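Student: I have a model open on my screen and would like to learn how to read it. Could you walk me through it, feature by feature?

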Amino acid sequence: MKDTFVVNIIHRPEMVPEYAEKVTGQGKAEDIGRKALLTESLDIFKFQQETAHKNGLKTTIQMTYASLFNDEAVSIAKEHHDKYGDEISLSLLGLPCKEFREKYKTKDFCIWMFSMEDKKAIVDDVFGKFYDSFGFYPESTGSYYMDADLINYIKAKYPSVKCAVATCWEEGPKAYHTCNNSWYTFMDGGPWNPWIPSKVNTHAPAANEEEDSGIVAIPHLSRDLLACYDGNGSNFGTHPQNVLRGMIYDSKTWEYPYLYNLIDQYRHLGKFNNGYSYNMMFVGPGWLNKMGRWEAPYELLKKSYEDGMAYYGKLKKEGELIDMTMAEFADFYRENKTYTEPECALWKDILYGSEKQLFWYSDPYMRVCVNMDQGGAIVDLRPYAAKLEWPIGIGTPHITDASYPFLIQEKYRAGYFTHYAGEGTIRSAKVSYKGEEVDLALCRTHAHFSEEAYQDRKARVLTLDPVEIEFADLTVKLQTIITFEEGSSSVKIERNILEMSDPDAEVTINEYMVACYGTTEYSEDMQGIRLTVGSGDAAETIDYEYKCREAAVAGGKVAQAVIPQIKTFVSMETDSEKGESYIKEGYAFSPMFTLGYQTNVHDKEVVKTWLRLERAD
């Protein structure tokens with residue numbers, strides 16, 4: 001896969017585009033069958049297709065339910081399949097139309113939010129209509145999100161499907177808040193790049209053939225993995241109109257270097273993934289309507305789309321890009337990736353001018369975010385090892401919240417920088433000497449990536465630049481190395497004391513993890529969580545009751561927690577018999593728990609700990 005940059009260009013003739021009815025129908029009563037709306041939508045689809053083909057790019061045409069009732073849309077799809085090799089696919093977006101509303105008596109349009117009974121009926125309806133139009137079933141489909149039960153049903157009933165747009169990266173409370181608290185589609189916690197979803201949870205990648213849902217999933221939009229994480233993802237993606245919505249362009253020249261930098265940053269991810277990198281462009285017609293969008297006039301919307309497509313076309317001509325349909329990409333992915341091979345992204349700020357770095361790691365056991373601005377602290381952790389069953393839609397416990405729960409999430413649970421009391425979720429370390437204490441989360445640094453052999457498996461290694469910690473009468477130079485062991489559900493963290501101004505001094509290193517569980521900012525019931533430190537007869541246990549209790553075991557090598565609410569076992573372990581492991585129960589104002597290990601160290605010594613995740617039943 002050396003130096004293979006793949007792009008998926010996806011268009012959909014969405015005859016009743018999101019947002020557009022209110023724009024084209026200003027001053028009129030709602031009418032999603034309005035001729036002006038349908039005509040403009042089809043014209044935009046034609047423009048998108050023409051722009052791609054003009055630049056030598058093939059597309060995936062995701063037919064919507066509404067478009068299947070339009071003879072011209074069906075005819076265009078057939079013509080472009082024959083002439084350009086475009087794939088005719090089927091989207092589960094674009095359900096709203098007169099026919100759909102009359103049949104299902106609802107204004108709901110998110111397929112994953114329907115009851116399972118309705119999901120099956122709608123899928124059969126849409127797939128049947130597609131077959132009537134084209135004489136075959138599609139090889140790919142998609143939505144903003146597709147839950148595991150929905151994917152399993154589609155794969156069993158329509159086995160030709162091999163690829164799907166299956167989640168929208170980091171669409172959670174941040175997106176909800178920036179949509180005036182009206183965007184009830186929560187789907188944080190999934191991979192940012194293609195993956196093979198497990199049968200039990202779409203977000204969690206399959207670890208083996210038994211867990212394989214049978215499809216390759218791709219994200220809905222390629223997002224900026226730093227700006228999107230810190231802020232609203234809808235402003236930071238390779239969807240050109242996202243960049244305009246984020247107002248990341250020169251209003252005088254109508255130039256947007258950020259768009260090209262973002263595409264190039266995705267190309268750069270090949271350095272961390274054996275030469276393979278991926279990007280997708282998926283712009284619905286509602287973003288290109290003649291009335292304009294947000295503050296941007298139609299002329300700018302049109303120009304941004306033409307320029308974005310021209311950049312992909314230029315890369316293809318230069319031999320730097322391969323354009324694939326979704327079905328072609330699914331075959332490519334399965335030929336070139338293994339189940340346990342992780343997806344890695346050492347991502348730098350390309351928007352705000354800072355030197356901030358985040359490292360993202362995803363495999364079948366975990367998704368991890370490491371923040372170099374916080375000394376290499378883990379600031380987001382999703383326990384995929386639990387393969388948590390999470391049915392979603394009407395009739396389930398999660399009607400709108402499809403997110404994969406976190407153990408650590410700095411944006412929703414404060415991270416290191418809390419208000420004035422309590423703690424936020426983070427995995428970091430504190431260094432103390434003679435009554436002074438410094439948290440590594442306050443020590444900015446940068447990381448370097450490498451792939452190395454580790455025991456009997458491969459490992460991805462983050463080597464952080466050393467940091468200097470200054471106490472009143474001692475300076476300590478410390479380096480952190482974080483090792484992700486492929487296929488192990490384990491992260492190894494080493495703290496190396498490289499140098500001390502007083503070689504005979506002794507400092508204390510306190511490795512800690514403050515955690516909880518949840519999918520939003522709001523705390524969950526922590527009762528039922530069991531904390532244990534040590535093992536055998538020396539073990540001590542705390543059953544969570546918000547009583548602020550603590551326990552420690554000298555020489556104990558493990559501190560662990562079982563969180564039955566998300567079927568997760570997490571532990572912090574060491575191979576050293578000196579020092580002590582400890583656990584802390586939180587309280588109502590700070591509903592967290594802490595796992596930790598602390599020990600005294602001298603110059604040139606190393607502290608090693610492992611963070612491990614398992615499913616707990």
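Predicted model: local features only at pLDDT ≥ 70, side-chain atom pairs only at ≥ 80, totals over all residues.

Student: Let me start with the rings. How many aromatic pairs does a search of the whole structure find?

Tutor: The search turns up 36 aromatic pairs. A pair of aromatic rings is described by the distance of the centres and the angle of the planes. Take Phe 47 and Tyr 305: their ring centres are 6.2 Å apart and the planes meet at 50°, so this pair is tilted.

Student: Where in the chain do Phe 47 and Tyr 305 lie?

Tutor: Phe 47 is in helix α2 (residues 35–54) and Tyr 305 is in helix α11, so the pair ties together parts that are 258 residues apart in sequence. Both of these residues are buried.

Student: Which kind of pair do Phe 272 and Phe 449 form?

Tutor: Theirs is edge-to-face, with 5.1 Å from centre to centre and 75° between the planes. This pair also links distant parts of the chain, 177 residues apart: Phe 272 belongs to the loop between α10 (257–268) and β7 (276–282), and Phe 449 to strand β16 (residues 447–454).

Student: Is Phe 272 buried or exposed, and why?

Tutor: Buried means under 20% relative accessible area. Phe 272 has 8%, so it counts as buried. Phe 449, at 18%, is buried too.

Student: What do Tyr 65, Phe 69, Phe 100, Tyr 104 and Phe 114 form?

Tutor: Those five residues make up one aromatic cluster. The charged end of Lys 290 sits over the ring of Tyr 298, 5.3 Å from the ring centre. Likewise, Lys 430 lies over the face of Tyr 512, at 4.9 Å from the centre of that ring.

Student: Let's turn to the core. How many residues does the largest nonpolar core have?

Tutor: It has 127 residues, and those with the most contacts inside it are Phe 359, Leu 381, Val 570 and Phe 593. Helix α11 (residues 298–317) gives the most to this core, with 7 residues. There is also a second, separate core of 70 residues, which includes Ile 76, Ala 166, Trp 183 and Tyr 333.

Student: Which residues does Val 570 touch?

Tutor: Leaving out residues up to four places away in sequence, its contacts include Leu 407, Met 513, Ile 563, Phe 593 and Leu 613.

Student: How far does α11 reach from its first C-alpha to its last?

Tutor: This helix of 20 residues reaches 28 Å, close to the 28 Å expected at 1.5 Å a residue. Among the buried residues of α11 are Tyr 298, Leu 301, Tyr 305, Met 309 and Leu 315. Just after α11, Gly 319 takes a positive phi of about 75°.

Student: Now the cysteines. How many disulfides does the structure hold?

Tutor: The count is 0. For Cys 168, the closest cysteine sulfur is in Cys 228, 8.4 Å away, too far for a bond. Cys 168 is buried, at 3% relative accessibility. Cys 516 is in no disulfide either, as the nearest cysteine sulfur, that of Cys 548, is 16 Å away. Cys 516 also counts as buried, at 0% relative accessibility.

Notes
Residues numbered from 1 in each chain as written. Heavy atoms only, no water. Core = buried A, V, L, I, M, F, W, Y, C linked by side-chain atoms within 4.5 Å. Buried < 20%, exposed > 50% of the residue type's maximum accessible area, 1.4 Å probe, protein only. Helix = DSSP H or I, 4+ residues; strand = E, 2+ residues; numbered from the N terminus. Contact = heavy atoms within 4.5 Å. Expected span 1.5 Å × (residues − 1). Phe/Tyr/Trp six-rings, centres within 6.5 Å; stacked < 30°, edge-to-face > 60°. Lys NZ or Arg CZ within 6 Å of the ring centre and 35° of its normal. Disulfide = S-S within 2.5 Å.
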